[in-house]
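Take a walk through this structure with the sequence at hand.

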Amino acid sequence: MSDSDSPAEYRALAADGGVHVWHGSTRDAPPAAALRLLSTAERTVMQSRPRTEGLWYAGAHITVRQILSRYLGVPAAGLRFGTRPCPWCADPGHGRPVVTGPPTDLDFNLSHAGPHWVLAVSTAGPVGIDIEDGRSGSSAGAAALTLSDSELTYVSGLMEGDAREAAFLRCWTRKEAVLKAIGTGITADLKGLEVRPENEGPLTVRSTGQGGTGEWLVQDLPGAGGLFVALARPAGSHGPVTLRSLTSAAGAAPGTRAVPVPARDTTANSSLVPFRS
């Protein structure tokens, strides 16, 4: 399919080289018809979790199909998915999810925290996104295992409480967004990735560990109600980031509100494997 034959959603995304970031939440159980969109592996994951958590997981993964179908011009049930090999170990079993049918250069990445989810979509290269819930508990134990020496010094120097937790979550979401864009996820060394929490960003982050060397443009995105969100894409990206809302992850039509955030530098059933998010 040529660009001129592509749906309007795709053409708008490709025209400015930007990223669309969809966000929403799962509040109700998805209908049975929507659950049938999930792969066997995803249904297994859903059923292995406590009921509420399983429904949150299912709602987020169903939403991926509903949104991507708008860009690709095929029914959600007609999408096919696979994975790229992990750039660290070359294992295709845990690489980045990718659309394999219909053929497309569309890239996407999903993250969810509790009922909340975010989905980044782009045609301008790989994207990684992460969302975390700031109400999940203390970061005291995780900080020493995930922050570099300079990051730990900065975070530890803040007054205990909300400021310290916010700085840690700013580090965590930035790091995970980069590693998800690379394709290794948090199996890679988090301490070796400097994300400079004292810098409000957007900022360029250099990765030098597992998965290879590269530079990434990282920016924090608006998050309400204790949510922290970060987006990573290739350094030098200049297209806008547009925030778009979905009224329900269980199948309602996407909303039309879009908020531009300019960047600066200072699956029948789909065969989608479970997302690591």
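Begin at helix α1, on the face turned away from its buried side. The exposed residues Ala8 and Ala15 sit there. This is a predicted model, so keep that in mind as you read on.

Within α1, which spans residues 8–16, the buried residues are Glu9, Tyr10 and Leu13. They lie on the same side of α1, because they cover an arc of only 95 degrees around the axis. What covers them? Just after α1 comes glycine 17, with a positive phi of about 65 degrees.

Step back to the whole protein chain. It holds seven helices and eleven strands. Of its 277 residues, 50% count as buried. The chain exposes about 12000 Å², and carbon and sulfur atoms supply 55% of that area.

Next, look inside. In soluble globular proteins, nonpolar side chains tend to be buried together. Here the largest nonpolar core has 22 residues. Phe168, Val178, Val205 and Val218 have the most contacts inside this core. Two or more residues come from each of α7 (162–182), β7 (203–207), β8 (214–221) and β9 (227–234). Helix α7 gives the most, with ten residues.

Which residues does valine 178 touch, leaving aside those up to four places away in sequence? They are Leu193, Val205, Trp216, Val218 and Ala232.

A second, separate core has 19 residues. Among them are Tyr10, Trp22, Ala60 and Leu79. Tyr10 takes us back to α1, where it is one of the buried residues.

Key: Residues numbered from 1 in each chain as written. Predicted model: local features only at pLDDT ≥ 70, side-chain atom pairs only at ≥ 80, totals over all residues. Heavy atoms only, no water. Buried < 20%, exposed > 50% of the residue type's maximum accessible area, 1.4 Å probe, protein only. Helix = DSSP H or I, 4+ residues; strand = E, 2+ residues; numbered from the N terminus. Arc of directions from axis to C-beta. Areas by Shrake-Rupley, 256 points an atom, 1.4 Å probe, with all protein chains shown as cover. Core = buried A, V, L, I, M, F, W, Y, C linked by side-chain atoms within 4.5 Å. Contact = heavy atoms within 4.5 Å.
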